[in-house]
Amino acid sequence: MMNRVNSNDLAPALRTSNVEQLAIELLERLKYRIGKDPKVAKPHDWLTAAILVARDRITDAWMDSTRRTYATGAKRVYYLSLEFLIGRLMRDAMTNIGIMEEMRQALASLGVDIDVIAELEPDAALGNGGLGRLAACFMESMATVDVPAYGYGIRYVHGLFRQQMADGWQVELPETWLAHGNPWEFERRESSYEIGYGGVVETINIGEAKQRFVWKPAERVIATAYDTPAVGWRAKRVNTLRLWAANPIDPILLEAFNAGDHIGALKESNKAESLTRVLYPADATPAGQELRLRQEFFFCSASLQDILRRHLQQYPDFTSLPDAVAIQLNDTHPAVSVAELVRLLSDVHGLDFDTAWDISRRTFSYTNHTLLPEALESWPVPLFERLLPRHMQIVYAINAKILLQARKEKDFEDQRIRSISLIEESGERRVRMGNLAFVGSHSINGVSALHTELMKETVFADLHKLYPDRINNKTNGITPRRWLMQCNPGLFNLIRESIGDAFMDDAEALTALDAFADNRDFQERFAAIKRDNKNRLANLVGSRMGVRIDPTAMFDIQIKRIHEYKRQLLNIIEAVALYDQIRSHPELDWTPRVKLFAGKAAPSYHNAKLIIKLANDVARVINNDPAVRGLLKVVFVPNYNVSLAEIMVPAADLSEQISTAGMEASGTGNMKFALNGALTIGTLDGANVEMRDHVGEENIVIFGMTAEEVATVRAEGHNPRAIIEQSKELSQALAAISSGVFSPDDRNRFTGLVDGIYNHDWFMVAADFDAYAKAQREVDGIWNDKTSWYSKTIRNTARMGWFSSDRTIRQYAKEIWRA
């Protein structure tokens, strides 16, 4: 059974939960809000009714939270993120307000199975990977630890894409999560703002020394807010996720329509709505780049206008803004907010530039999530200037201020001046959004200890020298409500029975589970729960893909967006090498293993899509070869999302966290797997380093080069060809892949991938292969000693409490937001 929260622990508005009352409310919502008689109601009607009952109860606590924030004058946190990967909300919300089990009983009394209708709730298509899932965990944790907060983002109609496979190739189809509406959200028509693009900037002289700038955009769209309540554990606080939809000023050009131009008459409507159609529109073309910049400015401007409006409702002016407001930029996507806030404060509200800049800098803080140059966004100056002419002026003004300071106070020479400049001068002139976010924020944080140190040494080395007190670390975390309590109720209940309830409110109390790690009875129960979770995943794979996998085999899982630095390719090559060994040495005692992959590749990322195709081609050959005798299977599960992760994570025996050292900022999948009792095989990258420190180096399998070694090899010269020629297993695996063994219909399909490893091996696949293969055989040895295996995996669960997002948010609140 799922846990039930004592009603005395809940907010007053939520203390009336009982089965009979819930049943009455379900019937009322069904009749008066959906217009259905119970006799003819379909499962989706019952789902909507159940959500509306929960939403109404949450709304009472939501309003209480808002009134309390106004009454106390508490500092508000505004979290700006292009992604919020919130997944399904029903179980999460009902668990947090303490009515999950009672709702189950109430629906059962009406002949409805809550598990059946819960599967009908669509995943909100508001994100892609770790960035968006982190934002969702943070929203839940901010409410849990009682930080007043708004999340600001975009109400994507189609999200990133729905992934299907056609002959092993990724095919992108639109998500349709909003096709039948979203019962969780409230439209806020009164919270609508004009967003401008293009046009001209007029200069108005005021006296002898002052000037006023007036931006007159050539285009305008309307941003309208949609609010979703974000409820914390035990409903102590309910915060707001505010998402922006785009609408045209004129929805239809009637004159054109009546003249027969029926398509052209909708041009403005289509142009506005394109802003919120798709997450990360492909930017391989100038039109795609422009749409991305339009999209980012759209949500930033709407959010800042909303924040300033709310501030003026409570305070007389903006001098108090940094004391009342903290705005967190989640990566570089919202970095244009720096220039927009300065514009709003100076041009619209009349502050002088220096005051506006000072207020803005003390209000913003910036989280960096990547060391990859291509992910630190930059925009061509002509595009930026054409689309946002006033903001280009402000960027130049900020840049002049920073560069003069660097030259005068720090005596920076030309090379360092070029490094910190907001304008990239080598080649095409571009606006560097990472640098803008850095100089425009009072705090810049990394998301793991290693990542933070590398920020200081690499991408922001010279900015760090200019502002040595700004960079700090806030290691990422995950919410244990979603990633233990809800996705793994069997394990949650075993833990609760064994160590009590303290861990439900303080995840670090999980350390009490250490005492059970070597207990034989506990290990058997722990293993039985893992088997149940693996059976569930096996059933999903069988029904969805027609592939039969053995739940008694080791489930070796790598799920994350597909990128070369995450090295799904290394995993696939090792699978090919293992396949060769199993066939060559049938007399050996091989460990049965199922390698499972899931993740999406960006539509324009050719090599990532080719890696997906390789995984599927390798799977087709291995899974149908009788010589393997079922000892190895490879499965790529399509359309990875939160709901799929909630099934795959609890089923994992082995967690693959094998990125090239120094390239993964943190990772949160590593934390989810370990919390749910998986052993990690990984490099010393991102948060793996801190995980090793917490779980103990004997309870994690680490291999490969360190970040420092990778940097040294790249600097001194890397000869992957020599390494490959010295590794029999690697050279044979690469030969099989490049010669067409797995692609007989196109023998040259994977030649480019293999040539990249031979010629430069930027992601150190060849360099780390032998160490990785050796580590995998070490894993086999641990697996075959079940007492040792479960001792290690139980300790992983016991020692993951520090990686709760509640801890992370408390650190942000205390050390950055002062909230």
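Me: In which sense do strand E3 and strand E4 pair, and over how many bridges?

Reply: Please keep in mind that this is a predicted model. Strand E3 covers residues 162-166 and strand E4 covers residues 169-173; the two pair in the antiparallel sense, over five bridges.

Me: Which residue takes a positive phi in the hairpin of E3 and E4?

Reply: Let us begin with the general idea. Most residues other than glycine have a negative phi. In this hairpin, two residues lie between the strands, and Asp167 takes a positive phi near 55°. Asp167 has this positive phi although it is not a glycine. Its place is the loop between E3 and E4.

Me: Is Asp167 buried or exposed?

Reply: A residue counts as exposed when its relative accessible area is over 50%. Asp167 has 59%, and therefore it is exposed.

Me: What is the strand order of the open sheet that has nine strands?

Reply: The order is E5-E8-E9-E2-E1-E10-E11-E15-E16, and the pairing is mixed. The edges are held by strand E5 (186-197) and strand E16 (471-473); each has a single partner strand, so one side of each is left without a neighbour in the sheet. On average, neighbouring strands of this sheet are turned by 25° against each other, with direction ignored.

Me: Which residue stands opposite Ser365 in E15?

Reply: That residue is Ser443. The strands concerned are E11 (residues 364-367) and E15 (residues 443-446), which pair in the parallel sense over three bridges.

Me: Which strands does helix H2 lie across?

Reply: Helix H2, residues 43-72, lies across strand E1 (76-80), E5, strand E8 (219-231) and strand E9 (238-248). The helix runs at about 100° to E9.

Me: How many strands form the open sheet in which the pairing is parallel?

Reply: Six strands form it, in the order E19-E18-E17-E20-E21-E22. Strand E19 (632-636) and strand E22 (701-702) stand at its edges; since each has a single partner strand, one side of each is left without a neighbour in the sheet. Helix H21 (residues 520-545) packs on this sheet and touches E17, strand E18 (593-598) and E19; the direction of the helix makes about 65° with that of E17. Helix H31 (residues 765-783) packs on the sheet as well, touching E17, E18, E20, E21 and E22, and its direction makes about 125° with that of E18.

Me: What is the bridge partner of Leu654 in E21?

Reply: The partner is Leu679. Here strand E20 (residues 654-657) and strand E21 (residues 679-682) pair in the parallel sense over four bridges.

Me: How many disulfides does the count come to?

Reply: A disulfide is a covalent bond between the sulfur atoms of two cysteines. To be counted, the sulfur atoms must lie within 2.5 Å. By this rule the count is zero.

Me: Where does Phe492 lie?

Reply: Phe492 lies in helix H20 (residues 489-499). Its relative accessible area is 1%, so Phe492 is buried. Phe492 and Asp60 are 432 residues apart along the chain, and their C-alpha atoms are separated by 29 Å.

Me: What does the radius of gyration show for the chain as a whole?

Reply: A compact globule with 819 residues would have a radius of gyration near 28 Å; the chain has 27 Å, which agrees. Along the principal axes, the C-alpha trace spans about 90 × 70 × 60 Å. Of the 819 residues, 61% count as buried. The secondary structure comes to 33 helices and 22 strands.

Conventions:
Residues are numbered from 1 along each chain as its sequence is written. This is a predicted model: local features need pLDDT of at least 70, side-chain atom pairs count only at pLDDT 80 or more; totals for chains, interfaces and linings use all residues. Side-chain values use heavy atoms; hydrogens and water are left out. Two strands pair if DSSP finds at least two bridges between them. Axes are lines fitted to C-alpha atoms, for helices over the stretch in contact, and angles run from 0 to 180 degrees between N-to-C directions. Contact means heavy atoms within 4.5 Å. The radius of gyration is taken over C-alpha atoms; the globule rule is 2.2 Å times the number of residues to the power 0.38. Buried means under 20% relative accessible area, exposed over 50%, partly exposed in between (1.4 Å probe, protein chains only).
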